[in-house]
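Please find below my notes on the two-chain model under review.

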Amino acid sequence: MHIMEGFLPVSHAVGWSLASLPFVGYGLHVIKKILQERPQQRMLLGVATAFTFVLSALKMPSVTGSCSHPTGTGLGAILFGPVVMAPIGLVVLFFQALLLAHGGLTTLGANVFSMGIVGPFAAYGIFRLSRGLGLPFGLSVFLAAAMADLLTYITTSVQLAWAFPDPSGGFAASFLKFAGIFAITQIPLAISEGLLTVVVANTLKRFNSSELQEMKVLASQEVRV
Amino acid sequence: MKKYQNLLLLAGVIVLLVVPLLLVEKSPPTPGQQEVEIFAGADGQAKDLVVEIQPNYKPWFQPILEPPSGEIESLLFALQAALGAGFLGYYLGSAVTAARIRQKS
């Protein structure tokens, strides 16, 4: 999902950066509030950040014969709400843009928008919806994390298709081409990300059930005493 | 079943990783062409597609630092994963210990 350095026209690069900025700012504010008012959740915030570090560093093979990586943003969004993942995603993407020439500084805004904003909001919405429908905890986590992963890559395809419409087929033709590269490759990876997120969420449920209840991630009857 | 759920989930991830490696085969290189690369990065393929759609598009900014080789690149990716995995290990260790102390008292 990394759009390479310089591979968005200036207007798009600036536009996506401006679009991401308020989310990053508000996310920082929320993180500060968590650290000050609920220091007992510090550890879980660390787990959410660490999970994104690990997953976005793992480039995995896919059935299409190309490699891509999961995002790890679903977990933190489920725990703390979507907006905290914008600054966390920014940290990861900034590290990769600066040291790894992976993504870029000019495309940072667009990449934060797909990985740090769209994915987490999708995860949060799907998790809440699934819980509201009465689906079990593990299944809800799986759906949220897997769909967040997939939607991140679909967002990247939209961003690229918008900037580079096909000369004959326009936006739609271009979107299908980019989605062919990103979204199809991502399907097995999204499933992997969903499964891995459930593993971590199960562990958190076992050891930190009171915090999860406090954060309204678990209902009270699900907490083991 | 519940007890082994995490192990089963991890086994599922391994299957999802191994199946592509077994399924995708390298097509033989056609004479005069470069060797066919498999399992290349999707990000790079998207970059090539941009060039294909708009052949005269010129990237207007270059990466400031670029890893001097693939080895250095994998070093940095491993470092990123190690930082994250290190913290997850720290969390798990302290959570298990705290649960044990709680049980004893």
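1. Burial in chain B. Of the 105 residues in chain B, 12% are buried. A residue is called buried if 20 or more other C-beta atoms lie within 10 Å of its own, exposed if 12 or fewer do, and partly exposed in between, with C-beta atoms placed from the backbone.

2. Basis and confidence. This is a predicted model, in which local features need pLDDT of at least 70 and side-chain atom pairs count only at pLDDT 80 or more, while totals for chains, interfaces and linings use all residues. Residues are numbered from 1 along each chain as its sequence is written, and chains are lettered from A and ligands numbered from 1 in the order in which they are written. The scores are ipTM 0.91 and pTM 0.93. Chain B has an average pLDDT (the predictor's confidence in each residue, from 0 to 100) of 89, and 91% of its residues score at least 70. Where pLDDT is low, the predicted coordinates should not be read in detail.

3. Form of chain B. Chain B contains three helices and one strand, in the sequence pattern α-β-α-α. Its radius of gyration is 22 Å, well over the 13 Å that the globule rule gives for 105 residues, so chain B is more spread out than a compact globule. The radius is taken over C-alpha atoms, and the rule is 2.2 Å times the number of residues to the power 0.38. The C-alpha trace spans about 70 × 35 × 25 Å along its principal axes. Helices (H or I, at least four residues) and strands (E, at least two) are DSSP runs, numbered from the N terminus.

4. Gln5(B) belongs to helix H1 of chain B and counts as partly exposed because it has 13 C-beta neighbours inside 10 Å. Gln5(B) and Gly93(B) are 88 residues apart along the chain, and their C-alpha atoms are separated by 20 Å.

5. The interface. In total, 48 residues of chain B are in contact with 50 residues of chain A; contact requires C-beta atoms, placed from the backbone, to lie within 7 Å. On the chain B side, helix H1 (5-23), E1, helix H2 (42-53) and helix H3 (70-104) each supply at least two residues. H3(B) gives the most, with 14 residues. The side of chain B that touches chain A comprises 35 nonpolar, nine polar and four charged residues. Here Ala, Val, Leu, Ile, Met, Phe, Trp, Tyr, Cys and Pro count as nonpolar, Asp, Glu, Lys and Arg as charged, and the others, Gly among them, as polar.

6. Three strands form an open sheet of mixed pairing, in the order E1(A)-E2(A)-E1(B). Strand E1 (60-61) of chain A and strand E1 (40-41) of chain B stand at the edges, each with a single partner strand, so one side of each is left without a neighbour in the sheet. Strands pair if DSSP finds at least two bridges between them; strand E2 (residues 66-68) of chain A and E1(B) run parallel and are joined by two bridges. Cys67(A) stands opposite Gly41(B).

7. Helix H4 of chain A. This helix (residues 85-100) has 16 residues and reaches 21 Å from its first C-alpha to its last, close to the 22 Å expected at 1.5 Å a residue; the expected span is 1.5 Å times one less than the number of residues. Its buried residues include Met85(A), Pro87(A), Leu93(A) and Leu100(A). The buried residues of H4(A) pack against helix H1 (10-37), helix H2 (42-57), helix H3 (73-80) and helix H5 (108-132) of chain A, together with H3 of chain B.

8. Helix H6 of chain A. Helix H6 (residues 137-163) has 27 residues and reaches 39 Å between its first and last C-alpha, close to the 39 Å expected. H6(A) is mostly covered, with 21 of its 27 residues buried.

9. Positive phi angles. Most residues other than glycine have a negative phi. Ala101(A), although not a glycine, has a positive phi of about 50°; Ala101(A) lies in the loop between H4 and H5 of chain A. Lys216(A), also not a glycine, has a positive phi of about 60° and lies in the segment after helix H8 (209-214) of chain A. Lys216(A) counts as exposed because it has 11 C-beta neighbours inside 10 Å.

Terms used:
Two residues are in contact if their C-beta atoms, placed from the backbone, lie within 7 Å.
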